[in-house]
Amino acid sequence: MPRGPEAAAAMEEDEPELEAGLEAALELAPAVQAAIEQVFPSQDPLDRADFNAVEYINTLFPTEQSLANIDEVVNKIRLKIRRLDDNIRTVVRGQTNVGQDGRQALEEAQKAIQQLFGKIKDIKDKAEKSEQMVKEITRDIKQLDHAKCHLTTSITTLNHLHMLAGGVDSLEAMTRRRQYGEVANLLQGVVNVLEHFNKYMGIPQIRQLSERVKAAQNELGQQILADFEEAFPSQGTKVAWLDKIDRRYAWIKRQLVDYEEKYGRMFPPEWCMTERIAVEFCHVTRTELAKIMRTRAKEIEVKLLLFAIQRTTNFEGLLAKRFSGCTLADGSVKKPEVPLPSTNPFLEDETGTETDEIVIEKSDMDKPKKPKVPDNPFHGIVSKCFEPHLYVYIESQDKNLGELIDRFVADFKAQGPPKPNVDEGGAVLPSCADLFVYYKKCMVQCSQLSTGEPMIALTTIFQKYLREYAWKILSGNLPKTTSSSGGLTITSLLKEKEGSEVAKFTLEELCLICSILSTAEYCLATTQQLEEKLKEKVDASLVERINLMGEMDTFSIVISNSIQLLVQDLDAACDPALTAMSKMQWQNVEHVGDQSPYVTSVILHIKQNVPIIRDNLASTRKYFTQFCIKFANSFIPKFINHLFKCKPISMVGAEQLLLDTHSLKMVLLDLPSIGSQVVRKAPASYTKIVVKGMTRAEMILKVVMAPHEPPVVFVENYVKLLADCSTDTFQKILDMKGLKRSEQSSMLDLFRQRLPAPPSGVENSSSLSLSTPTPEQESSRIRKLEKLIKKRL
């Protein structure tokens, strides 16, 4: 029906609203749009939800030149629109009968569900019936399984019972026939089968079979013991006297060899039957030896005892090599430990006999020693019975050591002191090495016998004869000082020429003192090592009772006395010279010359004695240093005391004494290496003593040389140079200057008033000079004296 102009106009008015409605209808939800894109994927821009017509047209006609084919593009779009309209029309028409078809399909589905429900109910009923049937079948199967299990157990038990009954009968028959070889295998099988019937012991028949097996075992044990007692008769269980003990050990060796050949295979190896027999033999032997030695104790001699102990310890060592010791009472064997290397001179290879002697020399102390033998698990298993009788051995060693010391004394008297031999550097007395060799022998023997109280008793004996050696051999042979030997008068001293003076001790006596000192030093070191070795040998519980410190102190006293003798000898040799110095008329000295005769005498004695002492103490340098220090500590104070006796002293006399003092100071500083081709630097401890003491002597003389006018300056110089606040020392210096008593009195009063605080030391005193104004003549004398000293140096 054609539309009029009004209709057309109305439609034109409604077009914007229609377009708006179409656009709203075309805007789908994002989820719906995503589902459509997933079902109908498309790359066409027209299918996009955010389609923009302007952008699409710009894409088709990007340039003005592309508008030339606009008709072709419009035709394609129209063709596409017609195809879409056809597709839409087909779909719409296809949906005309959808509702009717849906209702029909729904009815068919309901009918199918009803049919399915009926079938499911039928299947459920059948399943319940099947479950009931399965339960009945399963119950029957379980009953059959139980019946089968019981039947199997019954059959097995019956078989075991048959085996047990037959085995018991056979076991009893073989036991009666003493068929031990067959019984060994059968008995183990019967015991194993019987274990299956442990829970059936309530049944009388089973209990009866078990009792028969036990009875058979007991009977077998009794028969085997009886057979072994018959096979091994108890001959030789009684022990003969100690002189036949080696025969007994030879007998057990033969018996063990025969046993292993004849019966060794009868017993399992883990039973260690051979070792058990040997251990039982040791127990019996120890018991019998203890009995017989108690009854015949008076007949035991040292040689016989040592013979028996040696054979016994050798046998114990043989057991340790042959057996492991697993059958001993403690059930364990100590694992041998490899000891650390030791420098102990008493450490030696103890695998040999105890009679071996090893000479202990000083060079042996630095040699590596062999390690200690591992512990023997059989040690003492027999030899322990000898311990109660070791007092015989200890008494014998006491007697032998007493005789040894007496022989040392006699030999020393017969041979006399050792001849001087500087090349040997002060040899150790040979008796010292002999003593410690014997000590070593005794210690090894005793440690093999016992590590308990006998070792303590032996240590006491060692202590006794170490002290006797120190006093009888060492201290007893030290030369005695006499007041008449080597003494020089003042007159002869001043007239004697160099080389004509004699020391108080002869060369042989000096060498003897040095030899005794070296021997005491060696004894001190070796005694310390002896103490360490004794502590290693003795039981741990007795270690604290081993203490040789008293004996080491004794040898230290011998060393100190020897050094003191050397010091006294040299000191006494210098006394006449110092006495001569104090007797000289120092106020009459007119000019300063070379060193005075008394200085030459002192230097001569030092050059005669010190090289001998140094060469003979070459092996003990520390004690030579002690000698030098002690001599310096003795000589320097004595020299200062004699300086105080030199009074009055003129200025020239003081200069001469200062020159002499400096000469003595240089000699003392060179004392340790004097007369030696090899010059060694003196020890710092010694040098410090000499410098301090002789510097004081020089300061005393400088104070004496200083003028006593004015008194205030003199007192100040005294305090600065000497740093001595003693009034007595100040008085002695005033006497040396020869001042009158009136002058001394005023000086002493001034000294007491002007005593300053003591300065820090006298080391810087040499740099001090007499800064106070003195006459030009006195200053010239001091400078001249200093030049003379430098020229001599």
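This report describes the fold, helix packing, aromatic pairs and selected residues of a predicted model.

## Basis of the model

The model is predicted: local features need pLDDT of at least 70, side-chain atom pairs count only at pLDDT 80 or more, and totals for chains, interfaces and linings use all residues. Residues are numbered from 1 along each chain as its sequence is written, and side-chain values use heavy atoms, with hydrogens and water left out.

## Overall architecture

The chain has 24 helices and zero strands. Helices (H or I, at least four residues) and strands (E, at least two) are DSSP runs, numbered from the N terminus. Of the 793 residues, 36% count as buried; buried means under 20% relative accessible area, exposed over 50%, and partly exposed in between (1.4 Å probe, protein chains only).

The accessible surface of the chain comes to about 47,600 Å², by the Shrake-Rupley method with a 1.4 Å probe, where for residues only the protein chains shown count as cover. Carbon and sulfur atoms contribute 55% of that surface. Among contacts (heavy atoms within 4.5 Å) with a separation of 6 or more, 81% are between residues 24 or more positions apart.

## Packing of α15 against α16

The axes of helix α15 (residues 507-537) and helix α16 (residues 549-583) come within 9 Å and cross at roughly 160°. Axes are lines fitted to C-alpha atoms, for helices over the stretch in contact, and angles run from 0 to 180 degrees between N-to-C directions. The crossing angle therefore makes α15 roughly antiparallel to α16; angles under 35 degrees count as roughly parallel, over 145 as roughly antiparallel, 65 to 115 as roughly perpendicular and the rest as oblique. The crossing of these two helices, α15 and α16, is left-handed. A crossing is left-handed if the near helix is turned anticlockwise from the far one by less than a right angle, and right-handed if clockwise.

Residues of α15 that meet α16 include L510, I513, L517, L524 and E531. Leaving aside neighbours within four places in sequence, T554 is in contact with R467, A470 and W471.

## Packing of α20 against α22

Helix α20 (residues 684-705) and helix α22 (residues 727-737) have axes that come within 9 Å and cross at roughly 55°. That angle makes α20 oblique to α22. The crossing of α20 and α22 is right-handed. The contact is made by R696, I700, L701, V703 and V704 of α20 together with T729, I733, M736 and K737 of α22.

## Aromatic pairs

The structure holds 17 aromatic pairs. Rings of Phe, Tyr and Trp (its six-membered ring) pair if their centres lie within 6.5 Å; planes under 30 degrees apart count as stacked, over 60 as edge-to-face and the rest as tilted. One of the pairs joins F436 and Y439, which are edge-to-face at 5.9 Å centre to centre with 80° between the planes. F436 and Y439 both lie in helix α12 (residues 430-449), three residues apart, about one turn of the helix. F436 is buried at 0% relative accessible area, and Y439 is likewise buried at 0%.

The rings of Y718 and F751 have their centres 5.5 Å apart and their planes at 80°, so this pair is edge-to-face. The pair links distant parts of the chain: Y718 is in helix α21 (residues 711-722) and F751 is in helix α23 (residues 741-753), 33 residues apart. Both Y718 and F751 are buried. Elsewhere, ring pairs link Y249, W251, F281 and F315 into a cluster.

## Backbone features in two loops

Most residues other than glycine have a negative phi, and most peptide bonds are trans. C272, a residue other than glycine, has a positive phi near 50°. C272 is found in the loop between α8 (245-262) and α9 (273-295) and counts as partly exposed at 22% relative accessibility.

The peptide bond from K647 to P648 is cis, with omega near -10°. P648 is placed in the loop between α18 (621-645) and α19 (651-669).

## The surroundings of L186

L186 lies in helix α6 (residues 180-195) and is partly exposed, with a relative accessible area of 22%. Leaving aside neighbours within four places in sequence, L186 is in contact with G167, S170, L171 and M174. The C-alpha atoms of L186 and G167 are separated by 7.1 Å, and the two residues are 19 residues apart along the chain.
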